[in-house]
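Student: I have a structure open and would like to learn how to read it. Could you guide me through a few features?

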Amino acid sequence: MGLHNSHPKLYPGDILEFPGNSFFSHFGVYYGERDGVPYVAHLTIRDSDTKLLLFGRAINAAVKLDPLDVVGKKYRVRNYLDDKHPPRDFYNLIKPEIDDIMAKPITFDILFNNSEHQATMFRYGVKKSEQIEKVYSKIVPTWKDLFEKKKI
């Protein structure tokens, strides 16, 4: 069974998780097809300057629309808040928001505004990042410390 077959049918507004490095996955929202090509809206950092990510923050980020296979070949649908928050209507709410936000610069913040936050915000109108909640205590005690002392 090829990887392609293992993917479920996608519906516009589905949250997709693309496995990333050891700590973080990348998230996007399925936007639908254009000329037969499936697209994903996702928060991405435009800078190659990774020094900005020292504290997990990058000023120059944006929501972009990219072909699904450019964002990642491996992914799974993660509509994990559906039982707590009803998904919002794609054509009336999510799509216009995506179209609108693409023109705006966004600050990426690993703790407060990462690609998962952005994806759940689109689908549910609620910001959530399970992965940050899981790793917060493990990998960012120094950030937590600094944050509580209002240093970052």
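Predicted model: local features only at pLDDT ≥ 70, side-chain atom pairs only at ≥ 80, totals over all residues.

Student: How many residues does the largest nonpolar core have here?

Tutor: It has 27, and Val-29, Val-63, Ile-98 and Phe-122 make the most contacts inside it. At least two core residues come from each of strands E2, E3, E4 and E6 and helices H2, H3 and H4. Another core, of eight residues, lies apart from it and includes Leu-16 and Phe-18.

Student: What does Val-29 touch?

Tutor: Leaving out residues up to four places away in sequence, its partners include Tyr-39, Ile-94, Ile-98 and Phe-122.

Student: How do helices H2 and H3 pack?

Tutor: For a helix pair, look at the angle and the distance between the axes. Here the angle is about 135 degrees and the axes are 8 Å apart, which makes H2 oblique to H3. Ile-94, Glu-97, Ile-98 and Ile-101 of H2 meet Gln-118, Phe-122 and Arg-123 of H3. By type, these residues are four nonpolar, one polar and two charged.

Student: Is Gln-131 buried or exposed?

Tutor: Buried means under 20% relative accessible area. Gln-131, in helix H4, has 12%, so this residue is buried. Its side chain also forms a polar contact of 3.3 Å with the side chain of Glu-116.

Note on methods
Residues numbered from 1 in each chain as written. Heavy atoms only, no water. Axes fitted to C-alpha atoms, helices over the stretch in contact; angles between N-to-C directions. Helix = DSSP H or I, 4+ residues; strand = E, 2+ residues; numbered from the N terminus. Parallel < 35°, antiparallel > 145°, perpendicular 65-115°, else oblique. Contact = heavy atoms within 4.5 Å. Nonpolar A, V, L, I, M, F, W, Y, C, P; charged D, E, K, R; others polar. Core = buried A, V, L, I, M, F, W, Y, C linked by side-chain atoms within 4.5 Å. Buried < 20%, exposed > 50% of the residue type's maximum accessible area, 1.4 Å probe, protein only. Polar contact = N/O pair within 3.5 Å; in protein donor to acceptor, adjacent residues only side chain to side chain.
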